[in-house]
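Subject: Handover of a structure for your review

Dear colleague,

Please find below the structure that I am handing over to you. My notes on it follow directly after.

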Amino acid sequence: MYQFNWRPVFDNFDLLLRGLGLGLSMAAVSLAIGSLIGLAAAFARTQGARPLQIVASAYVELVRNVPLLLIIYFVYFGLPLLGVSLMDNIWSFVLSLALYSGAYLTEVFRAGIEAVGRGQTEAARAIGMTRLQVARHITLPLMFRIALPALGNTFIALFKDTSLASAIAVPELTYGAIRINVNTWRVIEVYLVVGLLYLAACYAIAGLLRRLERRFAMVT
Amino acid sequence: MMELVLASFPLIARGLLVTILVSVAVLLLGTLFGIGGGLALLYGARPLRWLVRIYVDALRGIPQLVLIFAIFYGFPALGLQVSAIFAGVLALALFCGAHVSEIIRGGVESIARGQVDAGKAIGLSFVQRLRHVIVPQALRRILPAWVNTAVEIVKSSSLVSLVSVVDLTMAIQQVVGRTREALLFYAVAATLYFAINFTLSIMGRRLENRFAHA
């Protein structure tokens, strides 16, 4: 019979909490960088010249069909072998996750851009706005509201993906679990607590996002 | 150098085979879990429905990697010896099952209530309604979403390399470590994953188009 002993887990609870915080921060930074990539690629795909469209589509299709772990390994192990080595493991992971999320966010923003009614953009052009002005004052704000729920879901997915950072020894929550496990061998306790921490964080974020969505909801 | 590169291909081929086998096993098992879970969510008695709801919501809020570690390290602690590949397949299948449960529930609930009532009115039994009214229509919504899940599972199968299963990702890591040819071999791995998943995606899109006009 398994003997439960929670002490080792709670003695190291700060390790887990710091890991949780690091995971959330990495997800947030990746979402920010990924959104920039996604925005650029979405405009390239919808309004860019033909070669730009092809490049953006190739990026989206390639990244969406390749495992995140492979991208992480390529950036962390592959780039230094090719002579690019200026990142620690945390930034290397953030860059990987940003590249990965950028492909999904491209589709999110593209759907958002396409959902903005033609009447809106045509009206803006008719009153003499330039294409850049239309993008900035009409398409972007409307698209942001349409894309907000999908952005929120992407953030939660990215937060769960930060568990893969443990593969390159980034001290986030899953890595904390591995560390405690190695030092104390309290397997069941550690993974129960860590699983619950992930669950609680995911549902807390989901709840916050729902409130945010209600505030920015479109009045139609 | 060339010899090293050539000598790596059998290892990569074996890794590819493991990736395909793990993905197929996860999808088969996960789809079975999902059919059971979906039916329980739709037609189960209240306590069963709640249990399955907890399973589905819990598994969607925990990273797949944590599930794999929990089973791989947790089962032996409880006195059950499991191989790495078994732990990986079981963890991913549980995750897959949660997603498929929701896909099936959503697909069936999207069918207009009147259809089921009409079936009842002309005297069809529950099983007959399922077979002739619900399944043919729900399948149109379920299949494209299922294909998306399949793509995600092929990608997730790379996580089994973290419990030291030599799948495609692990094979590539070993080969890159040995040959230091990063660009070539990461490109090979990306191409192989892409080939599998792009084929799946195209099949999914075909299904979608076919059913959209049916």
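Why does Leu31(A) count as buried? The reason is that Leu31(A) has 22 C-beta neighbours inside 10 Å; a residue is buried if 20 or more other C-beta atoms lie within 10 Å of its own, exposed if 12 or fewer, and partly exposed in between, with C-beta atoms placed from the backbone.

Please note that this is a predicted model, in which local features need pLDDT of at least 70 and side-chain atom pairs count only at pLDDT 80 or more, whereas totals for chains, interfaces and linings use all residues. Residues are numbered from 1 along each chain as its sequence is written, and chains are lettered from A and ligands numbered from 1 in the order in which they are written.

Surroundings of Leu31(A)

Leu31(A) sits in helix α2 (residues 13-47) of chain A; helices (H or I, at least four residues) and strands (E, at least two) are DSSP runs, numbered from the N terminus. Leaving aside residues up to four places away in sequence, Leu31(A) touches Ser101(A), Thr154(A), Phe155(A) and Leu158(A); a contact requires C-beta atoms, placed from the backbone, within 7 Å. Its C-alpha atom is separated by 13 Å from that of Trp91(A), 60 residues apart along the chain.

The nonpolar core

The largest nonpolar core has 114 residues; such a core is a set of buried Ala, Val, Leu, Ile, Met, Phe, Trp, Tyr and Cys residues joined through C-beta atoms within 7 Å. Helix α4 (residues 84-109) of chain B gives the most to this core, namely 14 residues. The residues with the most contacts inside the core are Ile72(A), Val194(A) and Ile68(B). Apart from residues up to four places away in sequence, Ile72(A) touches Phe93(A), Ser96(A), Leu164(A), Ala167(A) and Ile168(A).

Contact between the chains

In the interface, 30 residues of chain A are in contact with 31 residues of chain B. On the side of chain A, α3 (50-64), α4 (68-81), α8 (173-184) and α9 (187-216) each supply at least two residues, and the largest share, nine residues, comes from α9(A). By class, this side of chain A has 22 nonpolar, six polar and two charged residues; Ala, Val, Leu, Ile, Met, Phe, Trp, Tyr, Cys and Pro count as nonpolar, Asp, Glu, Lys and Arg as charged, and the others, Gly among them, as polar.

Chain B

Chain B has eight helices and zero strands. Its C-alpha trace spans about 75 × 45 × 25 Å along its principal axes, and 42% of its 214 residues count as buried. Helix α1 (residues 2-43) and helix α7 (residues 168-179) of chain B pack at an angle of about 165 degrees, with their axes 7 Å apart; axes are lines fitted to C-alpha atoms, for helices over the stretch in contact, and angles run from 0 to 180 degrees between N-to-C directions. That makes α1(B) roughly antiparallel to α7(B), a term for angles over 145 degrees. The residues of this contact divide into 10 nonpolar, five polar and two charged.

Yours sincerely

Note on methods: Angles under 35 degrees count as roughly parallel, over 145 as roughly antiparallel, 65 to 115 as roughly perpendicular and the rest as oblique. Two residues are in contact if their C-beta atoms, placed from the backbone, lie within 7 Å.
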